[in-house]
Every structure is written in structure tokens, then in C-alpha cells.
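Student: Could you walk me through this one? I'd like to begin with the strands and then move on to the helices.
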Amino acid sequence: MRRLSLPLLLVCFGALAADAGRDAPLATLPYTPGLEPSFMDKTVDPCVDFYAYACGGWQRQNPIPPDQSSWGVYGKLQDEIQRHLWGLLQTAADPSSARSPVQAQIGDYFAACMDEARIDGLGSKPLEPALAALAKVKDRKGLAAWLAEQHDAGSTDELLFAFGSEQDALDATRFIAAAYAGGLGLPDRADYLDQDPKSKELREKYREHVVRTLQLLGDDAATARKTRDLVMDIETALAKATLTRVERRDPYKVFHRVQLAELEKLAPAFEWKTYLAGVGIPDTQVLNASQPGFLKAMSSELKRRPLADWKRYLRWHLVNSQARYLSRAFVDEDFDFNHRTVQGTEALSARWKRCVRWVDRDLGEALGQVFVQKNFPPELKQKTLQMVQQIEREMEADIRGLEWMSPETKQRALEKSAAMANKIGYPDRWRDYSSIKLARDDFQGNVGRSAVFETARQLGRIGKPIDRGEWEIPPQTVNAYYSPTMNDMNFPAAVLLPPLFDPKMDAAPGYGNTGGTIGHELTHGFDDQGRQFDAKGNLKDWWTKQDAAEFSRRASCVSDQYSSYIAVDDVHVNGKLTLGEDVADLGGLILAYRAWRGATSNQRLMPVDGLTPDQRFFVGNAQWACSNIRPEAMRLRARTNPHSPPKYRVNGLVVNMPEFGQAFSCKPGAPMTKPPEKVCKVW
Ligand SMILES: [Zn+2]
């Protein structure tokens with residue numbers, strides 16, 4: 001989905017992070033225990049700041065590497081995995097070794113990417129065919145055809161709008177085409193509209209970045225400045241018409257199934273038929289016009305401005321979307337704005353890291369096969385499945401016991417829980433990339449052809465039976481997700497490795513950590529967004545009015561609590577943006593705790609390393625979240641990320657669990673406790 005648009009409704013466990021550190025491939029993944037006492041800071045009172053108590057040592061031992069904007073347990077594990085994949089790719093890249101067909105694919109892609117001398121020698125040459133085609137565009141039909149070609153080859157989202165396919169929210173048994181809002185170069189709509197000094201400064205830096213990039217492309221300063229002003233005008237108009245991230249959390253606000261004729265009426269200045277033919281689906285009759293207000297505004301802007309303006313605007317976005325694949329001058333300029341300025345990152349990642357990430361993105365399941373063979377024993381799948389089933393049983397018991405929910409709604413909720421599918425480790429059937437032509441001497445060509453493959457795969461799903469075995473992220477990704485339209489939970493192999501899941505440890509930290517993750521994904525099916533989809537994945541209201549009101553009241557308790565937290569400086573957490581994740585975190589940990597208690601009810605649990613079993617459960621949970629984050633990245637995160645800052649993903653939960661106060665003998669009134677009448681509980 002990376003190429004076309006973010007899957008709007010996938011809810012992941014963590015903010016995707018990456019890497020840093022010493023530069024050598026890892027033959028095997030290092031072992032970090034699931035609970036590490038030296039990561040704690042026992043000088044802190046757990047009843048005052050539990051996150052600092054559980055993670056203070058980790059924070060001191062793990063400063064943010066220069067090429068990272070943040071650094072946490074997930075990111076560090078992902079980095080180790082990347083280093084391990086780097087070694088696998090070096091072997092695969094050697095044409096004299098006995099390579100399997102899959103190794104040859106990933107190896108050739110990697111070798112081409114690593115050929116920096118060749119890439120630098122080409123300068124902006126790889127963009128020339130697309131730029132020449134844009135220069136020849138004579139009318140709106142030509143514009144639509146050019147856009148289709150560029151979207152097809154991977155330059156999406158920021159090229160005016162985004163396009164892809166998704167499950168029809170009203171009939172989840174099929175995929176339909178979808179047109180999304182896009183066209184922006186800054187991370188969020190608010191970045192164009194807010195008037196605070198930080199937002200103004202960001203816009204000024206963006207303006208300079210546009211000029212410098214265009215000058216690299218050969219424009220003189222005056223021409224580049226003219227284009228910059230035009231770009232800001234167009235993007236500000238598009239930003240105004242774009243829904244906020246909080247609005248986009250409402251599935252009804254981003255789902256508008258229309259006939260092609262209705263779309264043509266809504267946005268008449270765009271040549272939809274030409275575009276659809278261009279992306280290879282000329283017979284399309286039904287689409288999701290995700291944000292009609294955006295498409296309408298896009299059309300009126302198209303009508304209002306001369307074609308020449310659009311060609312200049314698109315020329316900027318083409319180079320902006322491709323800069324990181326070009327020669328060093330473009331790469332540095334792209335890094336300087338998008339990473340240094342926007343996220344506070346100090347240094348560009350090593351070439352090998354960027355190349356591993358691109359192989360991962362473009363040939364993820366090919367790389368995944370090689371990864372899984374070495375790192376994911378079948379017993380682990382069985383063990384995880386067992387924990388998933390225990391937690392599902394707890395969810396069902398919870399639903400049955402809810403005092404605020406009527407029997408009718410309970411019945412529907414139980415049906416949904418029973419229908420939820422579990423996918424663990426890796427796909428049963430691997431994606432076949434063999435039709436992509438990968439050349440050892442054509443990096444940008446490989447990127448483009450991989451994108452064409454991915455677009456064809458996504459659009460090819462339209463009108464065909466749903467493949468429920470598909471995964472949205474490959475097995476080497478340290479993350480997990482729930483899809484409300486598939487009604488499935490997905491746990492890639494990488495999220496089931498130590499220190500996240502450590503079969504060598506006592507049960508308590510494992511249930512706190514991985515159990516919490518499983519409970520989190522399961523609860524997503526019943527958060528403010530997920531609850532609006534039924535057992536089959538259809539957007540359908542199965543709640544009585546009274547029960548829905550009761551749910552909202554409980555959810556407000558959570559969003560009010562998180563909105564009171566400060567992310568950085570004077571920036572608060574946006575509790576409405578993070579609501580789904582916060583509800584999932586809280587419900588997930590409660591379910592995990594009960595599952596752990598149930599699974600160990602006939603055992604006599606003993607303290608380990610000076611921590612009682614209950615304390616180990618909570619510390620094990622907290623230690624997935626240990627992180628350091630740069631202030632710029634925290635600022636960006638507060639605006640754009642549906643996950644609360646890690647500190648609150650820990651402290652925000654324990655205040656709502658009386659079991660925590662008991663485990664650490666907290667006195668009433670301590671910061672990590674709440675009076676019973678103030679405790680938030682949804683599930
Ligand atoms: Zn989540």
C-alpha cells in the first residue's frame with residue numbers, strides 16, 4: 001500500500017521505526033531478554049513514574065543514533081534485523097554463489113542499489129523521460145494520462161491525489177478502486193494552515209527546499225522561486241480541502257462509493273476515463289471517492305489555473321518523490337528537509353540501510369522467505385497461536401460479563417470475535433515477483449518496475465475473489481496490525497522474537513509484552529473505529545443506540561485522559577487522534593493480564609530478580625515501549641501519529657488498572673493510581 005496510499009484502516013501496533021549503530025552485517029540476531037533488570041531505573045518510585053522506573057536504564061544505555069529521529073525497543077530490533085538481512089543480501093548479491101531464483105531477485109536489486117558510483121554519475125538523468133513527457137502535455141487528457149503513468153510507476157500520494165484499491169466497506173467480499181486526497185509536500189494539512197511560529201518556520205524551510213531542489217534540476221533562481229510560490233498556493237488550496245486526521249478516523253467520512261458518472265460530475269475538470277485507462281482499469285464503473293470535498297476542490301483548482309501551472313507543480317512533485325533514488329546532491333537535499341528539519345535526524349543513513357529498506361519495501365516477501373527460514377521455527381507459531389486463543393477467550397468472557405451492553409449487541413460482538421482470523425508469522429503462500437525485470441545496472445528502473453508490479457497487483461484485485469491469505473506487511477517487520485475489513489489480526493515473525501517474545505523467560509513478561517500486543521490488535525476490532533465494522537468486515541452499525549452511547553461515554557474517558565498529557569513543550573497529545581490506539585492498549589493489557597492469570601492459575605509463581613510475578617507482568621509490558629525521541633520527531637508525531645508517546649502508552653494504562661497499584665503497593669493518591677470512580681475502562 002506504500003506505493004498507492006496508506007491503508008486508511010489498518011491499525012498497527014507501533015510507529016514504524018528503523019535503525020542505527022555499528023556497521024557490520026549480523027550473521028545471527030543477538031539475544032536480548034524479554035525482561036532486563038538493567039533496563040530499569042530502581043531509583044525511581046514506580047508509583048510516581050512507572051515508565052521511568054521500567055525504562056530509565058534503557059533510555060540511558062541507548063542514546064538516539066545520528067541517523068534516527070527516535071530510538072526504541074522496536075526500532076532497535078528492526079535495526080538488528082536489517083543488519084541481519086544485509087548479510088543475507090550480500091550473499092544473495094554475489095552472482096558467483098549458488099543462488100536460488102528468489103535470492104537472485106533480491107540480490108540483483110540490492111547490487112544495483114549499492115552501485116552508488118553509477119547512480120551518482122547519472123545525476124537527474126533517470127527523470128528525463130518522465131519530464132520530457134510532461135513537457136509535451138498539451139491538454140487535460142494528456143495531463144491525466146501522464147499522471148496515470150507516474151502513479152503506476154510509484155510516484156503517488158503527492159502527485160495531485162492518490163489512487164489504489166481497497167475492500168468495499170459496504171461489501172467487504174470485493175475490492176473497488178479508490179481515489180484519495182493527496183498532493184501535499186508537507187507532512188500534514190495543518191502545516192499549511194496553522195499560524196504558530198513553528199508552523200511558519202516549517203513552511204519557510206519547505207519553500208527554501210523547493211527552490212534548492214529545482215535548482216539542482218537546472219532551474220535558475222528566479223524560475224525556481226516562481227514555481228515555489230505556485231506550489232505553495234496550490235498545496236494550501238488542497239490542504240484546506242483535506243480532512244483532518246481526526247476526521248479521517250471516521251470510516252463514514254472517508255467512504256463514498258460512487259458511480260464513475262457521479263465522480264465525473266463531482267470533479268469534472270479531471271479526465272477520469274483517460275486516467276482509468278492509463279492505470280489499466282478502463283472498465284471501472286464504481287469507486288470510492290474517499291474525500292469528495294478534496295476531489296471537488298482539486299477539480300475547481302484544475303479549472304481555475306492554466307495547464308502550464310500544473311505542469312510546473314507536477315514537475316516539482318515528480319523530482320521530490322524521486323529525489324532519494326537519484327545522485328547524492330538530490331539525496332542530501334531530500335534528507336536535509338524531510339529528515340533533518342522535519343524530524344530532527346542528524347545524519348543520513350548508510351547506503352546499505354537505505355538499500356535494505358528498499359528491497360524490503362519492493363520485494364518484501366522474497367526477502368521474508370529467506371528471513372523466516374533462518375529465524376522462525378514452527379513451534380513459535382504454535383506457541384503464539386495458543387496465547388492468541390487464550391486472549392480471545394478472555395475477550396469473549398469480558399463481552400459476556402459487560403454490565404453496560406445489551407444482550408443483542410453482545411451477541412453481535414461475540415460473533416465478530418469468533419469470526420476474527422489469526423495470521424501468525426508469515427503467509428502460507430508467498431508473493432511471486434518473478435515477472436519483474438530486475439537489472440544489476442539499473443537501480444531506478446528496478447524501483448519503477450517494482451512499483452508497476454505492485455500497482456498491477458493492487459488494482460488487479462478489483463473484481464476478483466478476496467484472497468484472505470494476503471499480508472499487508474512482510475514477516476521481517478517489527479509490527480502487527482488488525483484490518484477491520486478483513487477482520488483479521490496479523491503478527492509477523494519479527495514481532496515474535498526476543499526481547500518482545502522470549503520463550504526462555506517466565507510467563508509473566510511474555511504475557512505483559514506479546515500478550516499485550518495480541519490483546520491490542522484484538523481490541524482494535526472493538527475500538528471507536530473497529531466497532532463500526534461487523535463480523536464480515538462490512539461498515540454496518542450493529543449496536544443499539546443505548547449501547548453505542550455507553551461505548552462513547554467510556555471512550556471519552558480515555559480521550560480526555562490522554563488529551564491532558566503533554567507530548568513536547570506546550571504541545572498536547574491529541575486524545576481524539578490517538579483514541580483507537582489508546583483503547584486498544586488499555587483493553588489489550590487487561591485481557592493479557594487475565595489470560596496470564598488463567599494460564600498460570602495452577603502454578604505457584606515465584607519472584608525472579610527481586611520482582612514479584614505481578615511486577616514482572618507490568619515491567620515486561622513497559623519494556624516493549626522504552627524509547628528516546630527527538631523533540632522535532634515528537635512534535636511531528638503529536639500532529640500525525642495515531643499512537644500516543646511511548647511514556648503514556650505505559651503510564652496511561654497502569655493508572656487504569658488497580659492490579660498495578662496492588663502489585664507495587666502504591667498509596668491512594670500516588671500519580672500512577674486513580675480513585676476508582678475516575679478509572680477508564682472500555683473493554
Ligand atoms: Zn494499534
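Student: How do strand 3 and strand 4 run, and how many bridges join them?
Tutor: Strand 3 and strand 4 (residues 171–181) run antiparallel and are joined by 8 bridges, where strands are DSSP runs of E with at least two residues, numbered from the N terminus, and two strands pair if DSSP finds at least two bridges between them. This is a predicted model, in which local features need pLDDT of at least 70, side-chain atom pairs count only at pLDDT 80 or more, and totals for chains, interfaces and linings use all residues. Residues are numbered from 1 along each chain as its sequence is written, and side-chain values use heavy atoms, with hydrogens and water left out.

Student: What stands opposite Phe-161?
Tutor: Opposite Phe-161 is Ala-181, in strand 4.

Student: In what order do the strands come in the sheet?
Tutor: The order is 3-4-6-5, in an open sheet of 4 strands with mixed pairing. Because strand 3 (161–168) and strand 5 (257–259) each have a single partner strand, they stand at the edges, and one side of each has no neighbour in the sheet.

Student: Now the helices: at what angle do helix 17 and helix 20 pack?
Tutor: Helix 17 (residues 378–401) packs against helix 20 (residues 507–524) at about 60 degrees, with the axes 10 Å apart; helices are DSSP runs of H or I with at least four residues, and axes are lines fitted to C-alpha atoms over the stretch in contact, with angles from 0 to 180 degrees between N-to-C directions.

Student: Which residues of helix 17 meet helix 20?
Tutor: Among them are Thr-384, Met-387 and Ile-391, and the residues they meet in helix 20 include Gly-510, Tyr-511 and Leu-522, with contact meaning heavy atoms within 4.5 Å.
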